[in-house]
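Visitor: I should like to go through this model with you, from its overall layout to single residues. Could you take my questions one at a time?

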Amino acid sequence: MKRIDPATLKTVVLGIDTHEGETGKNNEDTGGFFAFELSERNDTLVHLGVVADGIGGHQAGERASQMGVAILESYFNQATSPRILHHLEEAFKAANTRILAEGKRRPELAGMGTTVV
């Protein structure tokens, strides 16, 4: 897939905002919007919107949510086939694996987690 700058798209209006929630604690939200052409021979646009929210009460939820969005973006930047559903499944698996590994590797991040949709 070929990454496209969403700012160049004339048919997409997008807004992203976060809120620290009712408790006023750390804001652990991360969002992203990415656009890709399906392939070199197929200029069909693929839009990927990602929202992640670090799990409150766990270590480094903000770091986990940032990683989740970044890993999905990176995975799609490197995807070479138009199998979108396959790529979504694999990207989520990769995010889960890497977030868990980072928490095990760095004691100060142990137990970090996030939701990603």
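Visitor: How do strand β1 and strand β2 pair, and over how many bridges?
Guide: A word on the basis comes before the pairing: this is a predicted model, in which local features need pLDDT of at least 70 and side-chain atom pairs count only at pLDDT 80 or more, while totals for chains, interfaces and linings use all residues. Residues are numbered from 1 along each chain as its sequence is written, and side-chain values use heavy atoms, with hydrogens and water left out. Helices (H or I, at least four residues) and strands (E, at least two) are DSSP runs numbered from the N terminus, and two strands pair if DSSP finds at least two bridges between them. Strand β1 (residues 2-4) and strand β2 (residues 29-37), with Ala35 of β2 as the bridge partner of Ile4, pair in the antiparallel sense over three bridges.

Visitor: Over how many bridges does β2 pair with strand β3?
Guide: Strand β3 covers residues 45-54, and its pairing with β2 runs in the antiparallel sense. Within β3, Gly49 is the residue that stands opposite Phe33. The number of bridges between β2 and β3 is nine.

Visitor: In what order do the elements of the protein run from the N terminus on?
Guide: The secondary structure of the protein comes to two helices and four strands. Read from the N terminus on, the order of these elements is β-β-β-α-α-β.

Visitor: What percentage of the residues in the protein is buried?
Guide: Buried means under 20% relative accessible area, exposed means over 50%, and partly exposed lies in between, with a 1.4 Å probe and protein chains only. Of the 117 residues in the protein, the buried share is 33%.

Visitor: Against which elements do the buried residues of α1 pack?
Guide: With its 18 residues, α1 reaches 26 Å from its first C-alpha to its last, close to the 26 Å expected at 1.5 Å a residue, where the expected span is 1.5 Å times one less than the number of residues. Its buried residues are Gly61, Ala64, Ser65, Met67, Gly68, Val69, Ile71, Leu72 and Phe76. Taking contact as heavy atoms within 4.5 Å, the buried residues of α1 pack against β2, β3, α2 and β4.

Visitor: How far apart are the end C-alpha atoms of helix α2?
Guide: Helix α2 holds 22 residues (residues 84-105), which should span 32 Å at 1.5 Å a residue.

Visitor: What arc do the buried residues of α2 cover around the axis?
Guide: The residues concerned are His87, Ala91, Ala95, Ile99, Glu102 and Gly103, which are buried in α2. They lie on the same side of α2, because the arc they cover around the axis, taken from the directions from the helix axis to the C-beta atoms, is only 125°.

Visitor: Which exposed residues does the opposite face of α2 carry, turned away from its buried side?
Guide: On the buried side, the residues of α2 pack against α1 (61-78) and β4 (114-116). The face turned away from that side carries the exposed residues Leu85, Thr97, Lys104 and Arg105.

Visitor: Is His87 buried or exposed, and at what relative accessible area?
Guide: His87 is found in helix α2. Leaving aside its neighbours within four places in sequence, His87 is in contact with Met1, Tyr75, Phe76, Ala79 and Ser81. His87 is buried, with a relative accessible area of 6%.

Visitor: What is the relative accessibility of Ala91?
Guide: Ala91, also in helix α2, is in contact with Ile71, Leu72, Tyr75 and Phe76 when its neighbours within four places in sequence are left aside. Ala91 counts as buried, and its relative accessibility is 0%.

Visitor: What is the C-alpha separation of Phe92 and Val116?
Guide: Phe92 lies in helix α2 and counts as partly exposed at 32% relative accessibility. Beyond its neighbours within four places in sequence, Phe92 is in contact with Leu72 and Val116. Although Phe92 and Val116 are 24 residues apart along the chain, their C-alpha atoms are separated by 8.3 Å.
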